[in-house]
Amino acid sequence: MYRLDRKLARIRAGQYTRSDFIIADAKDGDMGPSITSCGPKREKDGSWSRHYTRSEFLENIRAVVEQDIVDIMLTSASNMEALTKMGVCRDSAVKPAIRANDTTDIWVCRGATYVKEASRPFRTASLARVMTGSIDPAPGAPITGTDLGLYSITFNNDLDRDYEALEAFRAFREDAARNGFKYFLEVFNPNVACGIDPEVLPHYVNDVMMRCLAGVTREDRPQFLKIAFNGARAMEELASYDPSVIVGVLGGGAGTTRDCFELLHQAERFGARVALFGRKINLAEDPLSIVRLLREVASGTVSPSEAVKAYHAGLAKEGITPLRDLAADNVVTEAVLKPEESR
């Protein structure tokens, strides 16, 4: 049993403790930005002249898996296949997962303008191939890849586009059920102007997400949700609405190191039980150190501010030049994480 399965079981049984908080590393950026998503190959002095190659990126993923702190490693189907052949996830407690669809709002390639239009559904990965390597597996065929994936939807208060997205979601659920494939559901905030008051928007996202699941029975429901942190009030509302639904938070932009730790701290405080970090890990000066400290913040052994100080102390010990000095890096810059009176 993967560590993820044990944690989900305890959370569902009402036995959650902070040591059960689930952390995922989202290294599926090649489904969106592609080459640049591998991150800059930095020298210790902070300089860089190119992005990591795919093979270097796979080795970076191997390092995180072998560190054995995150609970889920999320990648593209092709990189999961490569990692499986490399034996990276063999006998590991880290659960492999793939991005099961790639809606147009993540197509943020250099020079592209797709994200300026309302999201449209699209799905590249074959669930049967991901699970067994076969397009038409025999009944009971062993899982050679993974049986877990991320499915994402973006609602834009647009009847035609949202209807299209929900039809695609229904088709995915049927495909997943036939293959015995599990998924977690990511619901993005609208990616274009949608005519909803910013104060109401977090609650719109909560409503449309739970509305789309109301007609889905237990066997076809997601393992957990992944949403943007839209503030304490919205997170608390969603997490308390239905205890059978486990709520997770996505990492968002890179921000400061304090933003990273503060997001996890506040999300957990107001009911989230999962956090999926992508750029906040991948673009860090020392990704393995960030992961280690994320676990300590989640467990409550250090505060977000203390974690930033420990991170910078580690950078200094390794001779790594930080992107920002300690004072600047220990500031909360994301508005949603600041106290309401200071926004």
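**View 1. The exposed side of helix H2 in this predicted model.** Just beyond the end of the helix, Asp68 adopts a positive phi of about 65°.

**View 2. The buried face of helix H2.** Turn now to Phe57, Leu58, Ile61, Val64 and Val65, the buried residues of H2. Viewed down the helix axis, these buried residues fall within an arc of 115°, so they line one face of H2. An α-helix has 3.6 residues a turn, so residues three or four places apart point the same way.

**View 3. The length of helix H2 and its packing partners.** H2 covers residues 54–67, and its end C-alpha atoms are 20 Å apart; this agrees with the 20 Å that its 14 residues should span at 1.5 Å a residue.

**View 4. The largest nonpolar core.** This core has 78 residues, and those with the most contacts inside it are Phe169, Phe172, Phe181, Leu185, Phe261 and Leu294. Helix H6 (residues 201–214) supplies the largest share, eight residues. Apart from this core lies another, of 16 residues, including Leu4, Ile11, Ala24 and Phe184.

**View 5. The surroundings of Leu294.** Here is a closer look at one of the residues with the most contacts inside the largest core. Neighbours within four places in sequence aside, Leu294 is in contact with Ile23, Cys260, Phe261, Leu264, Phe277 and Ile281.

Terms used:
Residues numbered from 1 in each chain as written. Predicted model: local features only at pLDDT ≥ 70, side-chain atom pairs only at ≥ 80, totals over all residues. Heavy atoms only, no water. Core = buried A, V, L, I, M, F, W, Y, C linked by side-chain atoms within 4.5 Å. Buried < 20%, exposed > 50% of the residue type's maximum accessible area, 1.4 Å probe, protein only. Helix = DSSP H or I, 4+ residues; strand = E, 2+ residues; numbered from the N terminus. Contact = heavy atoms within 4.5 Å. Expected span 1.5 Å × (residues − 1). Arc of directions from axis to C-beta.
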